[in-house]
Amino acid sequence: MKKLLFACICALALTSCGSSITTPMAATSNPVGNKCGEASYVTKFWGMIGKRNVNIGIDKAAKSAGITKISHVDRSKKKYGFFGSRSKYTTKVYGE
């Protein structure tokens, strides 16, 4: 009985509905504009399946929205799926 209870508690602890972490990467003295560029990619099965050498850099995110003056940059990682088996990595650039 104790082993079954322990197994249930472990399974609940490892199951995630989704978690997200956003961290600031850079900031400049340029004013905050109304444009937001984004570059992202998704991995599956804890990073075992997914594209390799994907460009999610600041330059690609800025070009996607036509930003020439960068205000600030954020990077985020979101885990979701069964036991957090999928991850989405995103770089967001804000500016004019």
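**Salt bridges and their setting**

Author: Asp59 and Lys63 join their side chains in a salt bridge, with 3.4 Å from N to O. This is a predicted model. Both residues belong to helix α2. They sit four residues apart, about one turn of the helix. Lys63 has a relative accessibility of 63%. That is over 50%, so Lys63 counts as exposed.

The count of salt bridges comes to two. The other pair is Lys92 with Glu38. Here the closest N and O atoms are 4.0 Å apart. This pair links distant parts of the chain. Lys92 is in strand β4, Glu38 is in strand β2, and 54 residues separate them. Side chains of opposite charge can pair when their charged atoms come close. Lys92 is partly exposed, at 29% relative accessibility. Glu38 is also partly exposed, with a relative accessible area of 39%.

Next, the sheet. Strands β2 and β4 belong to an open sheet of four strands. The order is β1-β3-β4-β2, and the pairing is antiparallel. Two strands stand at the edges: β1 (19–27) and β2 (35–43). Each has a single partner strand, so one side of each is left without a neighbour in the sheet. On average, neighbouring strands are turned by 15° against each other, direction ignored. Strands of a sheet pair through backbone hydrogen bonds, either parallel or antiparallel.

Strand β4 covers residues 86–95. Its antiparallel pairing with β3 (residues 70–80) runs over 10 bridges. Within β4, Tyr89 stands opposite Lys77.

Now the helix again. Helix α2 spans residues 58–65. It lies across β1, β2, β3 and β4. It runs at about 125° to β2.

Ala39 brings these parts together. It is found in strand β2. Which residues does Ala39 contact, leaving aside its neighbours within four places in sequence? The list is Asn55, Ile56, Gly57, Lys60, Ala61, Tyr89, Thr90 and Thr91. Among them, Lys60 and Ala61 fall within the range of helix α2, residues 58–65. Tyr89, Thr90 and Thr91 fall within the range of β4, residues 86–95. Ala39 and Lys92 are 53 residues apart in sequence. In space, their C-alpha atoms are 6.7 Å apart.

Conventions:
Residues are numbered from 1 along each chain as its sequence is written. This is a predicted model: local features need pLDDT of at least 70, side-chain atom pairs count only at pLDDT 80 or more; totals for chains, interfaces and linings use all residues. Side-chain values use heavy atoms; hydrogens and water are left out. Two strands pair if DSSP finds at least two bridges between them. Axes are lines fitted to C-alpha atoms, for helices over the stretch in contact, and angles run from 0 to 180 degrees between N-to-C directions. Contact means heavy atoms within 4.5 Å. Buried means under 20% relative accessible area, exposed over 50%, partly exposed in between (1.4 Å probe, protein chains only).
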